[in-house]
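Subject: Structure handover

Hello,

Here is the structure I promised to pass on. Please look it over before you read my notes.

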Amino acid sequence: MSIFVDERTKVVVQGLTGGQGRFHGLRNRDYGTQVVGGVTPGKGGSDVEGIPVFDTMTEAVEATGADASFVVVPPRFACDAILEAAVAGISFIVCITEGIPAQDEALTYNRLKREFPQVRLLGPNCPGIISPGKTNIGITSGDIAMAGGPVGIVSRSGTLTYQALYELSQQGIGQTTCVGIGGDPVPGTNFIDCLEAFEADPDTRAVMMIGEIGGSEEERAAEFIGAHVTKPIVAYIAGVTAPPGRKMGHAGAIISGSQGTAKAKMEALEAVGVAVVANPTEAGERMVEVVRALG
Amino acid sequence: MDLYEYQGKQYFHRFGIPTSPGGVADTVEEAVVQADEAGYPVVVKAQVKVGGRGKAGGIKLANDPGEVRQHAGAILGLDIKGHVVKRLWIEHASDIAREYYASFTLDRPNKLHLGMLSKEGGVDIEEVAATNPDAIAKLHIDPVEGLSQEAAHRWVAEADLDEAARDEAATVLVRLYHCFVEGDCDLAEINPLILTTDGRVHALDAKVTLDENAAYRHPEWEELAGTDTDDEREKMAKERGLNYIGLSGSVGIIANGAGLAMSTLDVVTQVGGSAANFLDIGGGANAAIMASAMEVINADPAVRSIFVNIFGGITKVDEVAKGIIEALERVEIRSPIVLRLDGTNAVEGRALLAPHLSDRLMAESTMLGGARRAVALAGEATQ
């Protein structure tokens, strides 16, 4: 099984006629994803290599029965695109757009939560989701993934998501689903959402978690793991040697306290039994041992 | 983007948040002119983007032009925690009855706006937060609802601000919230927010961090920009729009994505080397950006090898390859380059680079292998 999406998921690409939308939308289709339509206002009635283009999400959903969307539009249009998808009845939205103002993200997240509680947003500023052999929604190279499980991946960093997939595939370990949650201030889906779904998925037998410095998502995930996750987890936190980031005045210091450093995150995860490793390659190697021990 | 105090106060003005009359000065003479205009006594304040200015001698009271000369002369050029003072803010000194603290920021875990208000503001707010967190009244605000005047009134009462301050403080808080939201701040903070002896409430300091992602809808921010780094490498990178942080090692790093770039620093350190920089070329980087990145790294005299670690997603490896070839044609790269290229269009990218490979431009198939090679080339120990 996979989490959030599978081979039946029907995707509309919002921004299909743009350069990136076309490239990645077609690549997703080539992978086997059901890319059933695209939306670009003013270009309804045309098509991109046989994929019909609509003016609005509502038209696209009515015509295709889509249940997911892939938002690949510039930052100033992205939040409207997300809300348009929700209004049209889409239940799973992947937004890869980088550079959306934090205030817009916070507003959009809370509007979705109030008005469309059944909608799951992945991102913004994330690489998307891939369930190898079933579907690929986003900008991940499908050829670095390997079908068959038993490992689920959840990662905050885009490029480290690819690195994690690559390391596991190199070791001959397949993935059930790989979710890139993105590193923006207000992610629609967080570590805990993914860990909960992996815990419930019978085919996922171990989880690789890739975090990075800043914020407190990893610490919160550690609390959740301690209370609710029985499956083995291997974690890598990027940024042990990174220069100290911008300190957000007193307010930042007050909220985060000692949280946010790689060390604090690693200690929090180790304390709940997670195997914390020093780099992505070690993460792959350690997962070999974990999977072998599962029998 | 962090603002200086004077820029923060100017930004507050746009939203109607009261501050003391004052102006900026870059010389002692300008300081006297500004002090005469603001009216004595005045406060001479160092403009640096670091806390603890007062304790470092960067804030002084002056009663007449002679004292302004004396203090301005002493503060200009002062080194405060590595920040050399080049500009002063001179403002009329307030008669302070009480000092409060107020701020708005984003509470990332709860995905809500967070307001913090305390009647114990001033220089020791961090200590207050650590030792007596109950002295800070926290207010979570749903961005969909915003902060109403009524909610602000309840909040100032909850924080137990002096009765005389409550009405004006509530108004200032609502305005500060507008500044935070419509002004696209990551942080809007006033410490101290003061009650004067004649019963007025205004901002005595301003700490504002702007969200650079919102720059497209704030043309007024252009005048606030400008580099405040003394690192020549960082200036050069900023001019080229690169996300670069200078470090002190000898392995130049170019990676795509902040996570992979940070991880590359980690791995270079783990194999016994040290990175000369952090450089994230970002998502969807094209050949021109890659070529600029190569030039910035090349200009760093401490760099002895360059490790290019790219895992393409939205960034296409063939574009990166074109950038490397372009840079090699445009400038003479002093250091040997180790490439590790994977992901989107990696096959095409590697094919483009194949005819250029030499003992100055080498390909490695893994991140760890690439790091080891680059560290060895830089003449540093390997594990």
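First, the ground rules. This is a predicted model, where local features need pLDDT of at least 70, side-chain atom pairs count only at pLDDT 80 or more, and totals for chains, interfaces and linings use all residues. Residues are numbered from 1 along each chain as its sequence is written, while chains are lettered from A and ligands numbered from 1 in the order in which they are written.

**Chain A against chain B**

The contact takes 54 residues from chain A and 53 from chain B. (Two residues are in contact if their C-beta atoms, placed from the backbone, lie within 7 Å.) On the chain A side, α3 (75–87), α4 (102–115), α5 (158–170), α8 (249–256) and α10 (280–294) each supply at least two residues. Helices are DSSP runs of H or I with at least four residues, strands are E runs of at least two, and both are numbered from the N terminus. The largest share of that side comes from α4(A), with eight residues. By class, the side divides into 27 nonpolar, 20 polar and seven charged residues. Here Ala, Val, Leu, Ile, Met, Phe, Trp, Tyr, Cys and Pro count as nonpolar, Asp, Glu, Lys and Arg as charged, and the others, Gly among them, as polar.

**Domains of chain A**

Chain A is assigned domain 1 (10–122) and domain 2 (140–294). The bounds come from an automatic or database domain assignment. Their C-alpha centres lie 27 Å apart. Eight residues of domain 1 are in contact with eight of domain 2. On the domain 1 side, α4 and β7 (120–122) each supply at least two residues. α4(A) gives the most, four residues. That side has six nonpolar, no polar and two charged residues.

**Cores**

The largest nonpolar core has 151 residues; Ile253(B) is one of the members that touch the most others. (A nonpolar core is a set of buried Ala, Val, Leu, Ile, Met, Phe, Trp, Tyr and Cys residues joined through C-beta atoms within 7 Å.) A second, separate core of 66 residues includes Tyr4(B) and Phe12(B).

**Ser292(B)**

Ser292(B) lies in helix α9 (residues 287–298) of chain B. Is Ser292(B) buried or exposed? It counts as buried, because it has 21 C-beta neighbours inside 10 Å. The cut-offs are 20 or more other C-beta atoms within 10 Å for buried, 12 or fewer for exposed, and partly exposed in between, with C-beta atoms placed from the backbone. Beyond four places in sequence, Ser292(B) contacts Arg240(B) and Leu242(B). Leu242(B) is 50 residues away in sequence, yet 8.2 Å away in space, C-alpha to C-alpha.

Best wishes
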